[in-house]
There are 2 protein chains.
Amino acid sequence: MSEERATATGFPGPRVGIVGGGQLARMLAEAATPLGIHVRVLAATEGECAGEVVPDVVIGSPDDAEALRSFAATVDVLTFDHENVDHDALVQIERDGTPVRPGIATLRFADKAHQRREFAAAGLPVPPFVVIDPVRDLDHLSVADGFAARYGEMTNDGLIVLKASRGGYDGRGVWMLGRSELAAFLAAYRGAPLVLEPKLALERELAVLVARRPSGQIVTWPVVETIQVDGMCDEALLPAPVDVTLAAEAERIGRAVAITVDAVGVFAVELFVSDGQVLINEIAPRVHNSGHVTIEGSMTSQFSQHLRAVLDWPLGPTDSVAPAASMTNVVGDDADDPRDRQHLALAASPAAQLHLYGKAPRPARKIGHVTVLGTSLESCRAEARAAVDALIGGSGDDGVQGSSDG
Amino acid sequence: MSEERATATGFPGPRVGIVGGGQLARMLAEAATPLGIHVRVLAATEGECAGEVVPDVVIGSPDDAEALRSFAATVDVLTFDHENVDHDALVQIERDGTPVRPGIATLRFADKAHQRREFAAAGLPVPPFVVIDPVRDLDHLSVADGFAARYGEMTNDGLIVLKASRGGYDGRGVWMLGRSELAAFLAAYRGAPLVLEPKLALERELAVLVARRPSGQIVTWPVVETIQVDGMCDEALLPAPVDVTLAAEAERIGRAVAITVDAVGVFAVELFVSDGQVLINEIAPRVHNSGHVTIEGSMTSQFSQHLRAVLDWPLGPTDSVAPAASMTNVVGDDADDPRDRQHLALAASPAAQLHLYGKAPRPARKIGHVTVLGTSLESCRAEARAAVDALIGGSGDDGVQGSSDG
């Protein structure tokens with residue numbers, strides 16, 4: 001048999017198509033290589049960061065139904081780096097015969113209003129909420145005001161949280177307002193419907209990662225604690241330092257969500273712990289920042305597991321490989337490019353596992369992460385933070401991300 | 001700053017050029033991606049397996065001095081997938097200003113005759129040996145006969161091992177002959193000089209992986225036991241089940257070899273244990289099959305470490321992440337293509353870490369490996385073997401590699 005090369009038509013073995021060429025696509029490709037899975041990426045532009053390490057990139061818009069369909073026709077299964085995709089095209093792609101995983105019903109859960117309504121209807125624990133549409137509902141202000149009147153008192157500072165149901169990420173599309181500020185904000189607002197909830201007093205935030213394959217197998221990883229800075233995930237700690245009852249409740253919720261959203265692949269359930277109760281904050285129907293710690297920290301990483309799940313292969317064990325693991329994000333800045341500073345990070349923390357995404361630094365842009373395995377969360381956190389600080393460099397007085405962490 | 005893409009000139013951060021596009025280049029590239037290191041591969045043909053997963057491949061022969069020089073001029077450091085390279089060109093490349101790591105003096109140790117002479121001269125433990133050149137030495141037969149007369153009795157069956165000093169691998173270029181067979185063999189032999197040694201009674205074979213950076217830091221991994229089938233590495237066990245004295249002696253030899261060969265990067269020292277003594281069999285001046293188990297089994301894999309070493313970055317810890325880890329090679333056959341059978345392997349061993357190299361199966365061709373982490377070497381070996389058997393498939397009666405292992 002002659003040596004063959006990956007081509008559009010000739011690759012032996014499974015071909016996974018990924019819509020979007022960001023860091024999630026890049027890390028999925030890293031996981032695909034050893035598994036002998038061929039990855040093809042649909043990227044909107046030449047510059048998306050997966051293209052640096054994936055030879056097989058097709059340029060096309062995820063909003064272009066024809067581009068999506070012709071891309072999907074060349075792969076065995078279609079999956080996602082992000083959910084901003086033409087859903088009608090996905091319906092057609094499934095009719096054409098290429099499985100879309102997660103499916104369209106699951107992707108719809110990227111809408112935060114849809115999530116809240118469906119989870120509440122399924123009896124899953126969610127914060128008090130109401131959905132308003134300032135653009136189309138005539139009574140939106142009275143509904144919002146009534147909600148603020150009723151729930152503002154649940155919080156120390158009387159604030160209500162407003163979340164855009166679509167399009168927000170990393171703290172964007174989230175506002176915290178007092179009851180008296182609602183009218184002016186809503187009068188000016190022109191975006192997607194809003195989910196309102198009280199600004200709860202949080203003991204901590206957790207995330208449970210879940211994988212499900214089409215034939216039904218479900219696995220969860222040990223629950224992770226996430227630490228947010230300015231609405232953006234800054235650290236993830238594996239395992240979360242919580243008691244077994246709370247951890248079990250988080251995993252139970254994760255499994256119940258898998259059924260409710262009819263999940264295929266890996267997804268993350270972000271959880272609030274408030275007043276001793278575990279409540280669902282939101283889900284991300286895909287691999288997630290809170291799961292990057294599984295790359296080194298777990299017997300099976302979220303990325304390998306996602307590929308196994310969307311191909312309906314047997315799922316892998318999710319046990320941790322070390323007593324403690326901590327991940328810290330590398331957030332861009334005006335300072336130095338981390339891609340010239342790895343040696344400094346490794347000098348600061350020789351055990352640091354660096355992950356740089358091939359993205360240029362910009363303020364508030366996630367451009368990498370660092371994971372450290374060890375015997376205590378505190379020492380792992382300190383080592384990861386030291387590596388991140390060395391990667392970012394800068395003068396330290398211009399708002400370097402993460403230096404606020406104790 | 002605008003988004004940028006890897007190009008010949010524009011990549012921000014370190015660029016490592018790898019001569020050769022086989023599985024070692026492929027796994028180096030896998031390790032380079034998260035570190036934010038750009039990899040450029042010089043491949044002899046379009047079909048070399050690293051090309052499936054590395055976008056930046058230049059086609060050119062490693063025997064073509066001009067191809068090597070122009071390739072080297074575009075990277076920050078030059079390293080190797082294999083040692084079959086024009087050494088004169090490497091001298092010129094260093095003069096041109098691109099570091100060659102490992103250096104030319106180290107690459108010369110790929111010659112088995114050179115190894116034996118230098119190690120013996122340095123007082124390192126090697127088996128009894130003699131080097132003959134049947135093509136150029138008039139007295140080669142009498143030297144060989146005298147060696148066989150003296151050392152044939154050291155072995156149970158009176159055999160002498162003859163090894164081609166250059167060009168052999170995976171059992172090729174090695175012959176075992178009785179004293180009476182030498183004359184006919186040598187009369188017909190037309191290859192490189194031969195190293196002769198007694199066929200020692202081996203208790204086991206070990207390998208010690210060593211990394212050294214130009215500024216001097218040396219680290220070793222815990223010693224590995226290698227199990228050979230038909231002269232080819234079949235399994236690697238981490239850690240080798242040997243007593244601490246033997247393990248310490250192996251690591252001591254590894255460090256001494258690093259100095260003797262003036263190593264830069266990762267290299268492997270293959271060792272015999274015979275009559276309670278540790279003897280150097282041979283070294284490979286690069287990442288090595290015996291070290292694939294470090295990808296999941298160690299805090300720092302041999303591939304990440306090699307990149308760190310050739311860039312003169314601080315080296316990482318080499319501690320094991322599990323009490324036991326076992327790697328089994330996937331060797332090609334006439335049977336099925338493993339790239340269609342991953343689901344069967346994962347059903348047989350859900351914890352198996354599959355590594356397929358993008359190579360079509362052929363008899364006696366290494367096309368992948370499987371690693372399993374766990375609490376006992378025996379259970380890891382059994383799980384890895386089950387996964388490999390499922391990957392290879394076939395009828396089981398046509399010489400499937402590895403099924404002979406107990």
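## A walk through a predicted two-chain model

Helix α3 of chain A is followed by A:G97, a residue whose phi is positive, near 115 degrees. (Helices here are DSSP runs of H or I with at least four residues, strands are runs of E with at least two, and both are numbered from the N terminus.) This is a predicted model, so local features need pLDDT of at least 70 and side-chain atom pairs count only at pLDDT 80 or more, while totals for chains, interfaces and linings use all residues. Residues are numbered from 1 along each chain as its sequence is written, and chains are lettered from A and ligands numbered from 1 in the order in which they are written.

Staying with α3(A), which spans residues 87-96, the buried residues include A:A89, A:L90 and A:I93. Here "buried" means that 20 or more other C-beta atoms lie within 10 Å of a residue's own, "exposed" means 12 or fewer, and "partly exposed" is in between, with C-beta atoms placed from the backbone. These three residues sit on the same side of α3(A) because they cover an arc of only 100 degrees around the axis, the arc being that of the directions from the helix axis to the C-beta atoms. Turned away from that buried side is a face with the exposed residues A:H87, A:D88 and A:R95. The cover over the buried residues of α3(A) includes α2 (65-72), β4 (77-80) and α4 (104-107) of chain A.

In the loop between β4 and α3 of chain A sits A:E83. This residue counts as buried because it has 20 C-beta neighbours inside 10 Å. Setting aside residues up to four places away in sequence, A:E83 touches A:L107, A:A110 and A:P285; a contact, for the record, means that the C-beta atoms of two residues, placed from the backbone, lie within 7 Å. A:S180 is another story: 97 residues apart along the chain, A:E83 and A:S180 have C-alpha atoms separated by 35 Å.

Zooming out, chain A is assigned domain 1 (15-100), domain 2 (128-198) and domain 3 (204-392), with bounds that come from an automatic or database domain assignment. Over C-alpha atoms, the centres of domain 2 and domain 3 of chain A are 29 Å apart.

Two strands count as paired if DSSP finds at least two bridges between them. On that basis, β8(A) pairs with strand β5 (residues 130-132) of chain A in the antiparallel sense over 3 bridges, with A:V130 opposite A:L196. Strand β6 (residues 160-164) of chain A also runs antiparallel to β8(A), joined by 5 bridges, and here A:K163 stands opposite A:V195.

Over in chain B, strand β9 (residues 204-212) is largely enclosed by the rest of the structure, because 7 of its 9 residues are buried. β9(B) pairs with strand β13 (residues 265-274) of chain B in the antiparallel sense over 9 bridges, and B:L206 stands opposite B:L271 in that pairing. With strand β11 (residues 224-229) of chain B, β9(B) makes an antiparallel pair over 3 bridges; there, B:E205 has B:T226 as its bridge partner. Strand β10 (residues 218-220) of chain B is antiparallel to β9(B) as well, with 3 bridges, and B:A211 stands opposite B:V219. The hairpin of β9(B) and β10(B) has 5 residues between the strands, and in it B:G216 takes a positive phi near 115 degrees.

B:L271 turns up again in the largest nonpolar core, which has 240 residues; A:L28, A:L271, B:L28 and B:L271 have the most contacts inside it. (A nonpolar core is a set of buried Ala, Val, Leu, Ile, Met, Phe, Trp, Tyr and Cys residues joined through C-beta atoms within 7 Å.) Leaving aside neighbours within four places in sequence, the contacts of B:L271 include B:L206, B:V208, B:I253 and B:I280.

Finally, where the two chains meet, the contact takes 45 residues from chain A and 45 residues from chain B. On the chain A side, α1 (23-35), α11 (342-348) and β16 (353-356) are the elements that give two or more residues.
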